[in-house]
Amino acid sequence: MDNKKVANIRESLFKAHQKFATSTSKTNIEELFAADPERISSHTIDIHQIHFDYSKALLNAESRELLFELCKACGIEDAIKSMFAGEKINTSENRSVLHTALRDLHSRESKPEVLDTLNKIENFVSSVREGRRTSSDNKKIETVVNIGIGGSDLGPALVVDALNQFHEKDIDVRFVSNLDPSHLKRTLQLVDPQTTLFIIASKSFSTLETLANANAAKTWLLEKGIKSVSVSKHFAAITNNPGFASDFGVEGDCIFPMWDWVGGRFSLWSAIGLPIALAVGYKNFLDLLCGAHAADMHFYEAPLDKNIPVIMAILTYWYREYFQAGSTAVIPYSQDLALFPSYLQQLSMESLGKSVTRDGEEVKGKTGDVIWGSSGTNGQHSYFQLLHQGTEFIPIEFIAVVNPAPGIDTDQHSKLLANCIGQSFALIRGNNQNKNSSRHSPGSRPSNTLLLYQLDPFSLGSLLALYEHKIFALSVLWDVNAFDQWGVEFGKETAKEIYKEFEKEGGPETDEYDQSTQELLKIIKKWSSKKKNEA
């Protein structure tokens, strides 16, 4: 990174923003279209089954070129090459970052361990589906419950839900993540223990929430009459600690590997995707990987001004740094993508919620915006009021699927698409009501739109990989490490210490905790004790 050049470009961007705000009647987007007849051709990109339109951005030619110059000065092109080459760009943990290798299946550089694991997944899926791998009572597996949290849950859960039209018959795949025991209890209410397989997904095999739920699942099996010597028939595991999984009781051929060069939130392409393959079939799982690989190649090969993840990143950077945008609304106009905002929250905020640079210096400026949203059209009847008329500056990312799944009413689907396109148009147009009128919408509220030809494994894989790369590009612009999460680890350790207090009589015997924490612990113990006495 050329720090002096970066500083100069950032100063130029600040000046461009000041001129931009005054010269276009307080950033009127429609004037940008009027001033540039070629705006559509220069602000849209097509790759495979995806069309990306950022023409409704608050971006003129000057600011756009400065942002591309900033990318070069920050070394994005070299950073991309370093990641794909397997250099240890996760500097705080001294690790490579090679989730892209999980979907590079046909090159000379394909990792043997990745191909071996894929073969193991294929064999496992076929043995379960064909009834060769059975439960303890030699019954065919009918329900799979994935037990994980964070990246071991959000990615696979999103994909399984999004690809519901591709589900193969006879196996119901469910997900449990929350430490709240009611999550597991509700999931198992209508499940037959004799035909249920649990997948324990934990890189370390020591995650508190996952192990608590795994132990509760084992207890449930025993309580439902499964003999202790046969419980192992009901478990598989995905971990970097096979010894721990074996000690838990998982059979060796049901333990799948993870590697330290794959971060949890980038891991759905690995054996963490086993529930995906069980739900939609191995071939569709491969198509998901192929779609992601196509996006990888786009990110690796496309010039900056035609590179979708890079452009998505510079827009977020531009809005966060110069328009004080504290959040981004991500709104998929597809019920099948309803879980996408939740998935993206972890991918983005766990990666970019940092206040220290890669060199250990304090970050100057803002990093990491808040990601939120829900499926359209539901959002139109809740928070869209804020987007149209509120005082906050909130960029929006619209996602829509052009061709619906077979059996879907095409006219109703057209109404859905009309709402998506209509909302993005209304947000820039506003209306001509008097500014003092309660009906006034100011307009000039920016958005991007991603159109998918159809929602299938390939296009979904591409969409998810584009967002992964957007996050990485942003981390380079902000000079932070996108691949660690020490704040998460700190919170976990604190929770473990608090848990020890529940085993003690009375209140905490230390002044280590603030008065609020001590009082909360006292009340929890008091009320828990009262409930036990009532029973």
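**Close-up views of a predicted model**

**View A. Glycine 75 and helix α4.** Just after α4, glycine 75 has a positive phi of about 85°. The structure shown here and in the other views is a predicted model. Helix α4 covers residues 61-74, 14 residues in total. From its first C-alpha to its last, α4 reaches 20 Å, close to the 20 Å expected at 1.5 Å a residue. Buried residues of α4 are Ser63, Arg64, Leu66, Leu67, Phe68, Leu70, Cys71, Ala73 and Cys74.

**View B. The largest nonpolar core.** This core has 143 residues, and Ile121, Phe340, Leu460 and Leu463 touch the most other members. Helix α17, residues 457-478, gives the most to the core, contributing 13 residues. Another core lies apart from it, with 15 residues that include Ala329, Phe398, Leu416 and Leu417. In soluble globular proteins, nonpolar side chains tend to be buried together.

**View C. Surroundings of isoleucine 121.** Leaving out residues up to four places away in sequence, isoleucine 121 is in contact with Phe256, Ser270, Ala271, Leu274, Ala277, Tyr282 and Phe285. Isoleucine 121 is also one of the residues that touch the most other members of the largest nonpolar core.

**View D. Tryptophan 318 and tyrosine 322.** The whole structure holds 22 aromatic pairs. An α-helix has 3.6 residues a turn, so residues three or four places apart point the same way. Tryptophan 318 and tyrosine 322 are both buried. Ring pairs join Tyr317, Trp318, Tyr319, Tyr322, Phe323, Phe393 and Trp478 into a cluster.

**View E. Charged side chains over aromatic rings.** Arginine 103 lies over the face of tryptophan 269, at 4.6 Å from the ring centre. Lysine 218 is placed over the face of phenylalanine 248, and here the distance to the ring centre is 3.8 Å.

**View F. Threonine 187 in helix α8.** Helix α8 spans residues 181-188 and includes threonine 187. The relative accessible area of threonine 187 is 10%, so this residue counts as buried, the cut-off being under 20%. Not counting residues up to four places away in sequence, threonine 187 touches Val145, Arg174, Phe175 and Val176.

Notes
Residues are numbered from 1 along each chain as its sequence is written. This is a predicted model: local features need pLDDT of at least 70, side-chain atom pairs count only at pLDDT 80 or more; totals for chains, interfaces and linings use all residues. Side-chain values use heavy atoms; hydrogens and water are left out. A nonpolar core is a set of buried Ala, Val, Leu, Ile, Met, Phe, Trp, Tyr and Cys residues joined through side-chain atoms within 4.5 Å. Buried means under 20% relative accessible area, exposed over 50%, partly exposed in between (1.4 Å probe, protein chains only). Helices (H or I, at least four residues) and strands (E, at least two) are DSSP runs, numbered from the N terminus. Contact means heavy atoms within 4.5 Å. The expected span of a helix is 1.5 Å times one less than its number of residues. Rings of Phe, Tyr and Trp (its six-membered ring) pair if their centres lie within 6.5 Å; planes under 30 degrees apart count as stacked, over 60 as edge-to-face and the rest as tilted. A charge sits over a ring if NZ of Lys or CZ of Arg is within 6 Å of the ring centre and within 35 degrees of the ring normal.
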